[in-house]
Amino acid sequence: MDFTFTDDQLAFRDSVQSMLENEVTTTSIRERWTSDSGENADMLAMLNEMGMSSLLVPESCGGLGMDLVDFVLLAEACGKAALPESIVEDAVVAGGLLADLLQLGTNTDQVQELLGAVAVGEARVGCAHIINPYSNFAQQKDWMLLANGNDVHLVPRSELKFTALKSVDPSRRLQKIDWTPSRKTRVADGEVGAGLQRATLNRGALAAAAQLLGLAQAMVQQAVDYASTREQFGKAIGTNQAVKHLMADCAVQIEFAKPAVYRAAYTVGVAPQRADWAVSHAKTAAGAAAELSARNATQVHGAMGYTWECDLHIWVKRAWALAKEWGDAGFHKNRIHEWLLQPNALLGPEFTFGKRYIDNSDSAAA
Amino acid sequence: MDLLYTPSQTHFREEVRAWLAAHVPAKKLASFDTAEGFEQHRQWEKTLAAGNWGMVTWPKEYGGRGCDLIEWLIFEEEYYRAGAPLRVNQNGIFLLGPTLMEYGTDAQKERFITAMASGEEIWAQAWSEPNAGSDMAAIRCRADRDGDEFVINGQKIWSTRAVFADYAFGLFRTDPESSRHHGLSFILVPLDSPGVTVRPIEQLNGLPGFAEIFFDNVRVSDFNLLGGENQGWQIAMSTAGFERGLMLRSPARFQQASRKLVELYRKRRNDILDLSIEDSVVRCYMDAEAYALSTYQTASRLVAGGHIGAESSCNKIFWSELDIRIHETALSLLGARAEVEPETVEDHAELGTWLDGFLFSQSGPIYAGTNEIQRNIIAERMLGMPRK
């Protein structure tokens, strides 16, 4: 039993985080809002250089073959920076599905080649899921993994038609995708396809949850900084208990969302068949923490918090979007509810961790 | 990160489970806030001690098993799973014990821990005074040095378990010229000393769970001074703070309660008209789990030689508000039957101990520093917001 990150994992997080702090300025984010692609090419190159694209790619395809526990802190750091580029979803969701396909042995050559290209930053693959009506930055991907019923397809950009939509978050570039499924692009079907889509949903929700954790912390930090310098009645507004308690409430929710997200990262990797409950817990807790932080940080900023000029809304709007992407609170609470009602669900303190939790041996004999 | 138990941890769990199955009294003990129940619970402490289960984290020479914090959490999980009696000596074993281990002399440890472990001496706490509640540094109760003794005069209040306990520990002002948190000392006081008057205070459930203590020239040997004279504040606030917090309210308690809540919900859900109950049940279960995850995370860090951060101040708010929510939800599921004292109706299985637990849950956000004080601490020490 060891619920800690290694020194290496923490050091990698620190180096990615400090790169993002230096490079992802609010000015550069606002520049993206008015550019065609909404992305910064230099940033994509830097993320590749740091290994963000290759980290989760299997070693057999030229990647680093690391796991989601290695990646979850990096995803959190990307959220903290409000990074607009969709590297987290690309690596965790699309990368995860490609790795699943490789393991299943379907279209091995094509998948292996594609993963190899992803690892060196020469190909970009995105992944859509039925739970999301639109797909962020889909038009910038060379390939999209798409679902049609139980079937999973790997479709080149040339066969897709995009309709752009505007998100409340100007950093996001949503696209509706129209396409025609064909035999040629199908890479999985039937039960296998359905299973891949379930796993994809969990990886997407985990990726969102980790970023929401980072977003929440960044918003609280900005509100704390503002409250410590903004003066009224001759003193910093942050000296008032009413203001302090708004921030403390966020801190409590964030602290108890963190281990839920880290546990989900572990479970998705080690026991994907048992991950639904862990992921739904993580997404619900991180989503609630981020939404509360968005609300309270805006409040602490007063009228400034309601302006376009104040940078806070870069984070606030991302939190609003990610809290509902990959399953909103209703969806995830429902999954937990269903699980709690199963007559043979293993409930209670002795099942938080351990082999039974992992092994899927759902017998009430305890 | 490896979230599986080691074979030896699993073996330890089995050992705890087997021992508890063989020893936990079949009949529920009377409340330890009655004279009869107090003695029953003292006997239970003796039973635990006889099996070396009194405080598994203590060294073997003090009746413990030298367990680490992960094993402690496992022990607690099994303890709550077995429905074992509440710990009447929790002030001693969870609060004073770790402090004695850190600051006590060998002679003090030998004298007090041994009797604490065996259940021979049950402890009360004596922090608050009528004008020193949230503002504990306003303590006025005096302990004046007279040779190798202290002479105590003054009053303490809200002293948990003081009505039937043998000893109390607390902070006393040993330097009459001092103010605030200077000049306080941590002293252990036998409650049968001449000059001690204990006046019970009935709690919300009508039982005398705490008391006022009046001291009228009470003489206590300076052997009972824990740590340095006038250094009491530092000891009371010591770094052991978190560990003590972790021990006092380990997550198993809330996980067990939320498991029972789910069982009650399964039985009653078709009769419930309030749709928000489903959400409450899900949230309670999730939050109890989150508290466990957070505790394991912290325990892992400590076992690996790490330290507690300021974020631990979030714990008390989280579990105390969770405890209220669990019980509110259970009472909502029971509907109009919720107000009935279970022992007054024949068919009381479903009523369980929810009403009792609900009453107790009301105290959570108040004791050990109100949640408003905790929020100030989080804002100032964890987030760095300005004091003035």
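Among contacts in chain B between residues at least 6 apart in sequence, what percentage join residues at least 24 apart? The figure is 72%. Keep in mind throughout that this is a predicted model.

## Chain B as a whole

Let's start with the overall build. Chain B is made up of 12 helices and 8 strands. Its C-alpha trace spans about 70 × 50 × 45 Å along the principal axes.

How does that fit with a globule? A compact globule with 388 residues would have a radius of gyration near 21 Å, and chain B has 21 Å, so the two agree. As for what is tucked away inside, 43% of the 388 residues of chain B count as buried.

## Two domains in chain A

Chain A splits into domain 1 (7–191) and domain 2 (204–343 + 352–359). The C-alpha centres of these two domains of chain A are 22 Å apart.

The domains do touch: 25 residues of domain 1 of chain A are in contact with 27 residues of domain 2 of chain A.

## Where the chains meet

Now for the meeting of the two chains. Here 44 residues of chain A are in contact with 49 residues of chain B. On chain A's side, the elements giving two or more residues are α7 (190–229), β9 (235–236), α8 (241–270), α9 (275–300), α11 (329–341) and α12 (355–359).

Which of these gives the largest share? That would be α8(A), with 13 residues. The chain A side as a whole has 24 nonpolar, 12 polar and 8 charged residues.

## A closer look at one helix pair

Two packed helices are described by the angle between their axes and the distance between the axes. Take α8(A) and α12 (residues 371–382) of chain B: their axes come within 8 Å and cross at roughly 85°. Angles of 65 to 115 degrees count as roughly perpendicular, and α8(A) and α12(B) are therefore roughly perpendicular to each other.

Who does the touching? From α8(A) come Gln241(A), Lys244(A), His245(A), Met247(A), Ala248(A) and Ala251(A). They meet Arg375(B), Asn376(B), Ile378(B), Ala379(B) and Met382(B) of α12(B). By class, the residues of this contact between α8(A) and α12(B) come out as 6 nonpolar, 3 polar and 2 charged.

Note on methods: Residues numbered from 1 in each chain as written. Chains lettered and ligands numbered in written order. Predicted model: local features only at pLDDT ≥ 70, side-chain atom pairs only at ≥ 80, totals over all residues. Contact = placed C-beta atoms within 7 Å. Helix = DSSP H or I, 4+ residues; strand = E, 2+ residues; numbered from the N terminus. Nonpolar A, V, L, I, M, F, W, Y, C, P; charged D, E, K, R; others polar. Domains from an automatic or database assignment. Rg over C-alpha atoms; globule rule 2.2 N^0.38 Å. Buried ≥ 20, exposed ≤ 12 C-beta atoms within 10 Å, placed from the backbone. Axes fitted to C-alpha atoms, helices over the stretch in contact; angles between N-to-C directions. Parallel < 35°, antiparallel > 145°, perpendicular 65-115°, else oblique.
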